[in-house]
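Let's take a walk through this structure together. Keep the sequence and the 3D view open as you read.

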Amino acid sequence: MNEVYIRNFCIIAHIDHGKSTLADRFLEITGTVDTRHMQEQYLDQLELERERGITIKMAPVRMRYHPHRRMTQNDTRNDAESKLLYETITYEIRGAAFEVRKRLGLGHKEIVYHNALAEEFKKRNLRFESEKNIGIFYDGKKIGSYQPDFIIEEKILIELKALPEIGRPQTEQLWSYLKGSDYKLALLINFGTKTLDIQRVVYDTAREIPRDSASLPRPSAQVEEYILNLIDTPGHSDFSYEVSRALAAVEGGILLVDATQGIQAQTLANLHLARSAGLTIIGAVNKIDILEARGDTEGLARIRHEVAELLNISDDEIMMVSAKTGEGVSDLLRVIIERIPSPVEIETDQRASAQNQRVSAAPARALIFDSFYDDHKGVIASVRVFEGTVNGTDIITLAASGASSKIKEVGFFAPPLTATQKLGTGEIGYIATGIKDIALVKIGDTIVSSKSKCQNPKTFALHGYQEPQPVVFVSFYPEDNDEYDLLKRSFDKLRLNDSALHIEPDQNEVLGRGFKVGFLGHLHFEITAERLRREFHVTTVSTFPSVLYKVKTRGGWIEIVKPEEIPEEYEAIWEPMVKIVILTSPEFLNNIYPLQNKFRFSNIMTETFQNQTEIKAIMPLAELVSDFDDQLKSATAGYASFSYELADYMKADIVKIDIAIAGEIIPGLSRFFPKSTLQYEARELVERLKKTLPQQQFAQPIQAKDHGKVIAREDIPALRKELGNFGKNGGDRTRKMKLWQKQKKGKERLKARAHVRIPPHLFKELLKK
Ligand code: GTP
């Protein structure tokens with residue numbers, strides 16, 4: 001395959017702005033997925049992704065695209081554009097040319113083929129004119145003429161050749177003739193090559209992108225087929241490392257902005273990532289159908305202008321599309337071909353010198369931007385080949401992990417896995433590594449591929465690799481202790497497709513055996529918890545999300561995740577911080593101010609531009625992973641958006657509070673609170689505990705303790721005997737009884753360990769901010 005025809009790109013956008021829907025339209029227009037098999041959000045394969053409508057895993061796809069055919073045969077929509085220009089006549093002409101070629105073979109002069117073709121046209125009742133002069137016009141004035149070999153049915157020009165090869169100069173010349181004339185389609189038929197070569201050249205002003213001369217196809221866009229590799233990326237900050245790896249695998253990106261929502265926090269964050277990756281960016285406004293239906297042309301112009309300003313380009317360079325109706329999507333595809341550069345090979349010194357010395361080629365290198373597990377083929381890495389060719393028979397070595405294996409298969413995503421012999425420079429596809437341990441095949445690592453094992457793979461590493469670091473930690477315990485093995489098996493399976501999950505065994509006096517799991521962020525945690533429940537049917541109790549604290553003690557630094565792990569004596573606690581950017585409409589500012597205190601914002605900078613306000617601040621990661629997201633949404637009716645990136649550690653003015661119930665400190669309930677609000681938070685917590693905890697046969701004092709000293713206290717009185725008292729509140733009582741039955745097993749376990757009963761499901765409730 002010729003790399004000139006490849007375009008690698010991704011779609012970057014704020015959550016819900018329509019990436020997956022746009023990807024669906026691309027699949028449909030290019031005929032990659034048959035319309036009959038089209039299902040909404042085809043690339044979002046996980047059930048959960050479909051349901052929540054968010055992209056979690058990236059799904060790359062290879063599409064074949066013929067810019068001048070616009071729609072493929074597979075597209076069954078009743079759309080005038082779906083018809084190939086002059087389809088029937090073209091079909092007849094092709095038939096005539098193939099017949100001539102079949103009967104005359106190679107090696108005749110052009111005039112011989114010309115005359116034979118004229119005979120074939122007659123037989124097929126095709127009206128034709130031979131060697132007729134047609135005028136070339138400039139500003140409406142005739143400035144010259146051109147004589148094509150044939151004009152068929154007054155519609156199609158035919159230029160005949162009998163040359164060993166034809167290339168761009170001939171197609172460009174023909175394109176220029178079309179441009180200066182009233183004709184739209186020409187066929188360049190070359191009888192001089194081994195297999196008959198027919199090229200369609202189209203110039204159709206009525207079909208071109210109307211507003212934007214910069215986006216009109218240049219003659220170079222007359223090549224018949226392109227390979228478009230699209231990577232759909234997750235838009236959430238939790239996955240920014242994955243996004244950055246995906247961006248490293250492509251040359252261009254479509255920045256997609258929802259016309260009804262405008263530029264949002266993650267539009268900016270992802271644009272920033274794309275710019276640092278040096279991508280060519282195409283701005284596109286999506287969901288224009290909604291504003292069109294409202295007749296809001298001003299709104300359309302405004303959002304177009306905003307995106308243009310953001311990208312520092314003119315308004316008419318911004319594409320206007322509706323991923324839902326398909327409006328403007330074909331134009332966008334053509335602009336992708338026009339503006340996004342084709343891939344170039346990165347050459348290492350080793351490779352250059354190997355080629356100079358004509359010794360065996362240096363290894364090929366490919367960047368892993370995703371991976372998943374297959375029972376038979378081991379870890380399958382989604383890759384972008386940056387240098388050389390990866391053959392299906394090669395031995396691979398991984399630059400970071402050093403693991404080595406014989407390749408099981410290489411191929412591309414059609415979207416189903418489709419095996420090929422090799423993947424060349426610039427291509428995006430997969431390598432079935434045969435490696436069984438997903439931890440050895442990490443996103444961002446480089447696959448070094450050659451005939452034998454590479455001895456020094458590190459020297460071939462493509463830059464930018466980072467060990468994925470978990471930043472949010474949550475312990476999971478089975479609600480029913482008998483389900484421990486099931487939980488373990490479920491995590492093992494989840495980890496197979498998610499190398500970012502860090503899992504280790506954990507133990508809690510109240511909740512028993514479980515696992516401490518490290519996540520990339522809060523959403524990553526929520527998704528995993530949901531998958532556990534849905535795909536593996538395990539009911540778990542999870543602790544409140546925590547972060548990695550660094551504690552300075554006399555003996556040196558220690559790292560802790562759970563507050564109860566902190567030693568009695570220490571000098572200082574340091575906590576991880578994030579830089580947060582919130583975008584909101586100014587009318588919500590008053591509702592956001594109280595959150596700034598509550599979630600410990602510092603270094604706050606507020607700037608209002610156009611109709612949006614941007615708040616930049618530093619805040620503790622621990623605060624972000626508490627329910628900040630929910631509280632921001634409810635303070636702004638869901639209109640504010642935010643993105644974040646991890647920043648350095650900072651000394652934290654926080655204190656650990658233990659909770660003792662009936663005299664016993666309950667592990668898992670200890671928490672860090674800022675010193676400044678300690679008293680208030682402790683009071684609030686014990687009050688909430690009093691409301692949430694069930695009464696027992698004995699009185700339960702609830703105490704909040706700072707270094708053993710009680711700073712807040714509430715009491716739950718003992719339960720009075722209520723035998724026979726089911727009359728009035730019978731319904732309620734029955735419901736409770738049912739609940740208690742359900743939790744019986746868990747409770748028995750709790751009873752054996754402590755006098756205090758805290759139903760596991762209340763844990764999370766208790767730990768809310
Ligand atoms: P994430 O993967 O979560 O980042 O979302 P996404 O950007 O992939 O958005 P998605 O394609 O899931 O679209 C979000 C919602 O917008 C869906 O309900 C789509 O049907 C809808 N949508 C997408 N494009 C259009 C459009 O052009 N017009 C209209 N009216 N709705 C659209």
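Which residues have the most contacts inside the largest nonpolar core? They are Phe476, Phe491, Ile580, Ile582, Leu624 and Phe628, and the core has 47 residues. Before going on, note that you're looking at a predicted model, where local features need pLDDT of at least 70, side-chain atom pairs count only at pLDDT 80 or more, and totals for chains, interfaces and linings use all residues. Residues are numbered from 1 along each chain as its sequence is written, and side-chain values use heavy atoms, with hydrogens and water left out.

So what's a nonpolar core? It's a set of buried Ala, Val, Leu, Ile, Met, Phe, Trp, Tyr and Cys residues joined through side-chain atoms within 4.5 Å. Buried means under 20% relative accessible area, exposed means over 50%, and partly exposed is in between (1.4 Å probe, protein chains only). In soluble globular proteins, nonpolar side chains tend to be buried together. Back in the 47-residue core, helix H15 (residues 621-635) supplies the largest share, seven residues. Helices (H or I, at least four residues) and strands (E, at least two) are DSSP runs, numbered from the N terminus. Now zoom in on Phe628: leaving out residues up to four places away in sequence, Phe628 touches Ile580, Ile582, Phe599, Phe601, Met619, Glu623 and Phe642 (contact means heavy atoms within 4.5 Å). There's also a second, separate core of 31 residues, with Leu255, Leu271, Ile303 and Ile428 among them.

Next, the aromatic rings. Rings of Phe, Tyr and Trp (its six-membered ring) pair if their centres lie within 6.5 Å; planes under 30 degrees apart count as stacked, over 60 as edge-to-face and the rest as tilted. The count comes to 19 aromatic pairs. Take Phe9 and Phe26: their ring centres are 5.9 Å apart and their planes sit at 75°, so this pair is edge-to-face. Phe9 belongs to strand E1 (residues 6-13) and Phe26 to helix H1, so the pair ties together parts 17 residues apart in sequence. Phe9 is buried at 0% relative accessible area, and Phe26 is buried at 0% too. Elsewhere, ring pairs link Phe476, Tyr484, Phe491, Phe515, Phe519 and Phe525 into a cluster.

Helix H1 (residues 19-29) also holds Arg25 and Glu28, three residues apart, about one turn of the helix. These two form a salt bridge, with their closest N and O atoms 3.3 Å apart; the term means a side-chain nitrogen of Lys or Arg within 4 Å of a carboxyl oxygen of Asp or Glu. Both Arg25 and Glu28 are buried. The whole structure has 34 salt bridges. In another, Lys690 meets Glu714 at 3.6 Å, N to O. Lys690 is in helix H16 (residues 678-692) and Glu714 in strand E38 (residues 709-716), so this pair ties together parts 24 residues apart in sequence.

Finally, find the open sheet of eight strands, in the order E18-E17-E23-E14-E15-E22-E19-E20, with antiparallel pairing. Two strands pair if DSSP finds at least two bridges between them. Strands E18 (404-406) and E20 (417-420) stand at the edges with a single partner strand each, so one side of each lacks a neighbour in the sheet. Three bridges join E18 to strand E17 (residues 395-398), and Ile395 has Lys406 in E18 as its bridge partner.
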